[in-house]
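Subject: Structure handover

Hello,

Here is the structure you are taking over. Notes on what was found in it follow below.

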Amino acid sequence: MNKKIILSILGLFWALGAVAQIGEDPEDTQRSYDKSLYDRFVSGRVTVFYGAALPMGSQQNYIDKVGNRNFSVAVEAMFPGRFSVGGRIGQNYFQQRLPRQVYSMDDGSEISAVQTRTLTVVPLLAIGSVYLNDINSTVRPYLQIGAGGAYVDYTKYYGTLSDQKTSIAAALAPAVGAKFQFGKGNSFGGEVQAQYQNVFFKYNELSNSSNLMLSVGLSYRWL
């Protein structure tokens, strides 16, 4: 008798569950399924950035114009909690031309030339981000720290002559920004970011190469 009662109760619960599933909105079911996937598994995200860089610190003594030829790619593992880790590589380029004038060289000679100043930085960073809300949010503000190294090419041209210094230097790049998706369940999204980039490179006017990078990016995420 007890066994029959237990089976009857289990059958009743199964029937109620089936009725609930029949009455559930299919879109709600799909959204719940998508949400559970991102809650349960590590997802991937790749973002291509374009940015404008404002020189800061001693870099303004060398080149004080905004650099507008800055590109980078970031690949991240997005964890179900509120953090992600990954890597980022890019190229930043700055250039400024000065009017023709007479320059005194190190050997005591003088030269009349148009001076062109360039600075190329290729940073390779490990990045880690902490988010202010969960992974299923359409917009996710974050704080980020980046650290690694950078290839630096400092070249100052006097007409056809040049003063050049290349080096590999340590780099540090804290940032704030926000990721967003183009709708719930959409794999495509975007990103906006403000990053302070400091490369520990010293030569002539530069005690460090530093700038404020303002970037926008297009992203794709996958499970």
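N204 sits in the loop between β8 and β9 (209-222). Its phi is near 50°, a positive value in a residue other than glycine.

Two remarks on the source apply throughout. This is a predicted model, in which local features need pLDDT of at least 70 and side-chain atom pairs count only at pLDDT 80 or more, while totals for chains, interfaces and linings use all residues. Residues are numbered from 1 along each chain as its sequence is written, and side-chain values use heavy atoms, with hydrogens and water left out.

Overall layout

The chain has 3 helices and 9 strands. Helices (H or I, at least four residues) and strands (E, at least two) are DSSP runs, numbered from the N terminus. Read from the N terminus, the order of elements is α-α-β-α-β-β-β-β-β-β-β-β. Of the 223 residues in the chain, 37% are buried. Among contacts (heavy atoms within 4.5 Å) with a separation of 6 or more, 65% join residues 24 or more positions apart.

The second largest pocket

N204 also belongs to the lining of the second largest pocket, together with Y103, S104, M105, D106, K156, Y158, L161, S162 and D163. The elements giving two or more residues to this lining are β3 (83-104), β5 (139-158) and β6 (161-172). The largest share, 3 residues, comes from β6. By class, the lining has 4 nonpolar, 3 polar and 3 charged residues. For these classes, Ala, Val, Leu, Ile, Met, Phe, Trp, Tyr, Cys and Pro count as nonpolar, Asp, Glu, Lys and Arg as charged, and the others, Gly among them, as polar.

The volume of the second largest pocket is about 170 Å³. Grid points are joined across faces, edges and corners, and the volume is the space filled by probe spheres set on the points. On a 1 Å grid over the protein atoms alone, a pocket is an open set of points where a 1.4 Å probe fits, with protein on both sides within 12 Å along at least five of seven lines; lining residues have an atom within 4 Å of a point.

Nonpolar cores

Which residues touch the most other members of the largest nonpolar core? They are L119, V199 and F201, in a core of 20 residues. A nonpolar core is a set of buried Ala, Val, Leu, Ile, Met, Phe, Trp, Tyr and Cys residues joined through side-chain atoms within 4.5 Å. At least two residues of this core come from each of β1 (43-56), β4 (110-131), β5 and β6. The largest share, 4 residues, is supplied by β4. A second, separate core of 5 residues includes M78, Y131, I135 and Y142.

Leaving out residues up to four places away in sequence, F201 touches V152, Y154, K165, S167, A169, L206, S207, N208 and S209.

Buried polar and charged positions, and a glycine

Q59 is in helix α3 (residues 59-62) and counts as buried because its relative accessibility is 0%. Beyond its neighbours within four places in sequence, the contacts of Q59 include L119, one of the core residues named above. N208 and S209 are also among the contacts of Q59.

N198 lies in strand β8 and is buried, at 11% relative accessibility.

Is E191 buried or exposed? At 2% relative accessibility, E191 is buried. The side chain of E191 makes a polar contact with the side chain of Y142 at 2.5 Å. A polar contact is a pair of N or O atoms within 3.5 Å; within protein, one must be able to donate a hydrogen and the other to accept it, and residues adjacent in sequence count only if both atoms are side-chain atoms.

G190 lies in strand β8 and is buried, with a relative accessible area of 1%. The C-alpha atoms of G190 and L218 are separated by 4.5 Å, although the two are 28 residues apart along the chain. For E191 and L218, 27 residues apart, the C-alpha separation is 6.4 Å.

Regards

Key. Buried < 20%, exposed > 50% of the residue type's maximum accessible area, 1.4 Å probe, protein only.
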